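Have the chain open on your screen and follow along. This short report walks through its inside and its surface.

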Amino acid sequence: MRKFVFLLLVFGALAGAMFVAPWWGAGPSDEDGSVVVTPGTSVAALGAQLEEQGLIDLSPERWSLLARVFGGSDPIKVGEFEVPAAASPADIMDIVQHGRPLQRFVTIPEGLPSILVKERIDALEQLTGETPLPEEGSILPQTYDYQRGETRAALIARMQAAMEEALAKAWEERSERAVVNTPEEAIILASIVEKETALPEERRMVAGVMSNRVRLGMMLGADATTIYPITKGKPLGRLIRRSELDDPNPYNTRAISGLPIGPITNPGIESIRAVLDPADTDALYYVADGSGGHVFAKTLSEHNENAARWRQIRRERGEL
């Protein structure tokens with residue numbers, strides 16, 4: 001009788017060991033992979049997901065039981081996690097409890113129009129859902145992190161929330177030289193400044209010229225505002241036609257005075273700050289200087305001389 005009881009205990013111990021041993025044993029995957037844990041995922045649901053992905057060879061029920069016994073009390077995290085080849089169930093549980101989720105990044109450059117922001121987000125294969133076309137000027141250009149499975153709409157919403165926050169802070173810090181009357185006007189003027197100069201050190205000076213023109217009721221004369229209603233911000237790919245320059249549509253500052261009806265791109269925070277604290281200048285004109293920057297002038301006669309020099313440079317380069 002004692003021998004029989006002993007054998008039962010031995011067989012029970014062996015069976016128990018065989019039941020729990022796979023928790024620490026090598027997993028079935030022979031290559032690195034990843035698992036995405038979405039909000040609200042339970043331990044049992046995670047087991048089913050891991051089995052379906054071929055990352056464990058336990059049933060969801062067995063995974064769930066062993067996880068609750070040996071996995072500790074720490075909650076599982078939300079995010080995408082790297083899973084090494086042959087990772088054991090114990091390894092995977094530790095990864096989703098204590099590991100750092102994978103981070104992916106997308107950069108929205110300063111001056112990228114919304115139509116191209118949409119294309120950039122459309123191309124992110126790890127995201128889900130449709131990409132709404134954001135309102136022009138509503139996106140803050142910077143680098144954003146995102147996770148696999150996040151919706152494109154949610155990422156766009158975060159970009160817009162970042163712009164709202166940055167604009168509100170910049171608006172509170174505006175100087176008395178700012179000519180814009182609302183944050184919305186600040187975005188409009190900043191979008192023009194963004195397209196008019198690529199040099200950070202020129203932003204406040206260009207903003208100063210544009211502010212002077214707004215104050216005097218002059219035309220801003222920015223080619224980018226002529227192009228925007230034609231391409232929605234994409235490159236025109238040709239010279240602007242005379243008829244387009246003369247078209248008095250509500251964007252074209254070559255034909256109308258004051259600010260256009262809306263932004264022509266998504267301006268960066270430095271262009272917004274430049275508009276809200278423009279350079280203290282009497283200049284009303286500027287033209288390219290041939291080195292990537294601009295030369296500024298107070299009078300039309302000075303400007304005409306500068307423009308003549310720029311045309312000569314272009315002729316010497318074979319551009320005219």
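Predicted model: local features only at pLDDT ≥ 70, side-chain atom pairs only at ≥ 80, totals over all residues.

Residues are numbered from 1 along each chain as its sequence is written, and side-chain values use heavy atoms, with hydrogens and water left out.

**Cores**

Start inside. The largest nonpolar core has 46 residues. A nonpolar core is a set of buried Ala, Val, Leu, Ile, Met, Phe, Trp, Tyr and Cys residues joined through side-chain atoms within 4.5 Å. Buried means under 20% relative accessible area, exposed means over 50%, and partly exposed lies in between (1.4 Å probe, protein chains only). I121, L155, M159 and I272 have the most contacts inside this core. Among the elements that each supply at least two of its residues are helix 5 (114-122), strand 4 (143-146) and helix 6 (152-172). Helix 6 gives the most, with nine residues. Helices (H or I, at least four residues) and strands (E, at least two) are DSSP runs, numbered from the N terminus.

Which residues does I121 touch, not counting residues up to four places away in sequence? They are V106, L127, T131, R152, L155, I156 and M159. Contact here means heavy atoms within 4.5 Å. A second, separate core has 21 residues, including V43, L55, W63 and F81.

**Buried places**

Now look at R213, in helix 8. R213 is buried yet has no salt bridge. A salt bridge is a side-chain nitrogen of Lys or Arg within 4 Å of a carboxyl oxygen of Asp or Glu. The nearest side chain of opposite charge is E196, 8.6 Å away. For charge, Lys and Arg count as positive and Asp and Glu as negative; His and the chain ends are not counted. Leaving out residues up to four places away in sequence, R213 touches M218, M219, L220, G221, L284 and Y285.

Helix 9 has buried residues too: A224, T225, T226, I227, Y228 and T231. Their cover includes helix 7 and helix 10 (242-245). After helix 9 comes K232, whose phi is positive, near 60 degrees.

G27 sits in the loop between helix 1 and strand 1. Is G27 buried or exposed? It counts as buried because its relative accessibility is 14%. Beyond its neighbours within four places in sequence, G27 is in contact with L55, A86, A87 and S88.

**Surface patch**

W24 lies in the loop between helix 1 (2-20) and strand 1 (33-37). W24, L65, V69 and F70 make a nonpolar surface patch of about 410 Å². Patches use residues with over 30% relative accessible area and no salt bridge; like charges are joined within 9 Å, nonpolar side chains (Val, Leu, Ile, Met, Phe, Trp, Tyr) within 5 Å. Accessible areas come from the Shrake-Rupley method with a 1.4 Å probe; for residues, only the protein chains shown count as cover.

**Salt bridges**

How many salt bridges does a search of the whole structure find? It finds 13. Here are some of them.

| Pair | N to O distance |
|---|---|
| D122 and K118 | 3.0 Å |
| E244 and R241 | 3.5 Å |
| R242 and D246 | 3.2 Å |

D122 and K118 both lie in helix 5, four residues apart, about one turn of the helix. E244 is buried at 12% relative accessible area, while R242 is exposed at 56%. E80, R104 and R148 are linked in a network of salt bridges.
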